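Hello,

Here is the structure I promised to pass on. Have a look through it first, and then read my notes below.

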Amino acid sequence: MTIRVLLADDQAMVRTGFRYMLEAEEGIEVAGEAGDGLQALRLAAELRPDVVLMDIRMPGVDGLEATRRLAGPGVADPVKVVVVTTFDLDDYVHAALEGGAVGFLLKDAGPALLIEAVRAAARGDALVSPNITVRLLKHFARPSRPPRRPEEEARRSGLTDREVDTVRAVAEGLTNTEAAERLFVSLSTVKTHLASVQAKLHARNRVEIAAWAYRSGLMDGEAG
């Protein structure tokens, strides 16, 4: 199945570069381009792309607001948005993910990570630049109250021991394949565990699963 991507960035050169990288990859095509947030909203409604690559700083409606309108809580038919920006600011990352984005990359991440993020978004996974992920989760996922013991928190959420192991792998940034190798299970088993975890934690994506792991204290012994 071809993944259709909408590019939203106010710099034509950036859009051209992304188009070149994406269309060189089999199974990905650029469905359209938007130079500002309002145009991105209009084209997303018209074209219904599989993934939107969204810049943050654009004239009119910025990328964070556009992301909230396309993918935020309460949106009936959310679009999968990956925010791609020059600015490595925790507030931007947090706002993007809270607004429903399923990925956050820096523009200098390179073609391999860009393509990986598009493919991850299309299949329902989330990808955040590795240099941001752990820092972000540690910073924003601090509990507002002293957490229960991690084991108790997991039991109260109804997670099995194997699901807890899968959550830890996700919170460390492992892919499904890497998690399967670590846990000595099949890829389909990991996907089954993740689907169950998402339902039990009411998490929209892998990032929210990982955030829960840090908030609950599950990663305290892992992160050092």
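A definition to begin with: a residue is called buried if its relative accessible area is under 20%, exposed if that area is over 50%, and partly exposed in between, using a 1.4 Å probe and protein chains only. Helices (H or I, at least four residues) and strands (E, at least two) are DSSP runs, numbered from the N terminus. This is a predicted model, where local features need pLDDT of at least 70 and side-chain atom pairs count only at pLDDT 80 or more, while totals for chains, interfaces and linings use all residues. Residues are numbered from 1 along each chain as its sequence is written, and side-chain values use heavy atoms, with hydrogens and water left out.

**The chain as a whole**

There are 12 helices and six strands in the chain. Of its 224 residues, 47% are buried. Contact here means heavy atoms within 4.5 Å. Among the contacts with a separation of 6 or more, 65% are between residues 24 or more positions apart.

**The sheet**

In what order do the six strands of the open sheet run? The order is β2-β1-β3-β4-β5-β6, with parallel pairing. At the edges are β2 (28-34) and β6 (127-128), each of which pairs on one side only. Two strands count as paired if DSSP finds at least two bridges between them.

Five of its six residues are buried, so β1 is largely enclosed by the rest of the structure. Six bridges connect β1 to β2, and the two run parallel; in this pairing, R4 has E29 of β2 as its bridge partner. With β3, strand β1 pairs in the parallel sense over four bridges, and there A8 is partnered by M54 of β3.

Helix α1 lies across β1, β2, β3 and β4 (80-85), and runs at about 165 degrees to β2. For such angles, axes are lines fitted to C-alpha atoms, for helices over the stretch in contact, and the angles run from 0 to 180 degrees between N-to-C directions.

V14 belongs to this helix, which spans residues 12-23. With a relative accessible area of 17%, V14 is buried. Setting aside neighbours within four places in sequence, V14 is in contact with D9 and K107. V14 and D55 are 41 residues apart in sequence, and their C-alpha atoms are 9.8 Å apart in space.

**Helix α3**

Which residues of α3 (residues 63-71) are buried? They are G63, L64, A66, T67, L70 and A71. These residues sit on the same side of α3, because they cover an arc of only 160 degrees around the axis, the arc being that of the directions from the helix axis to the C-beta atoms. At the start of α3, a side-chain oxygen of D62 comes to within 3.2 Å of the backbone nitrogen of L64.

**Where α8 meets α10**

The axes of α8 (residues 161-171) and α10 come within 9 Å and cross at roughly 90 degrees. The two helices are therefore roughly perpendicular to each other (angles of 65 to 115 degrees count as such, under 35 as roughly parallel, over 145 as roughly antiparallel and the rest as oblique). On the α8 side, the contact is made by R162, E163, T166, V167 and V170, and on the α10 side by V190, H193, L194, S196, V197 and K200.

E163, in helix α8, deserves a look of its own. Its relative accessibility is 6%, so E163 counts as buried. Not counting residues up to four places away in sequence, E163 touches G158, H193, S196, V197 and K200. The side chains of E163 and K200 are joined by a polar contact of 2.9 Å (a pair of N or O atoms within 3.5 Å; within protein, one must be able to donate a hydrogen and the other to accept it, and residues adjacent in sequence count only if both atoms are side-chain atoms). A polar atom of the E163 side chain also lies 3.0 Å from the backbone nitrogen of T160.

**Two positive phi values**

R48, in the loop between α2 (37-47) and β3 (51-54), is a residue other than glycine with a positive phi, near 45 degrees. R48 counts as partly exposed, at 37% relative accessibility. F184, in the loop between α9 (176-183) and α10 (187-201), is not a glycine either, and its phi is positive at about 60 degrees. At 77% relative accessibility, F184 counts as exposed.

Best wishes
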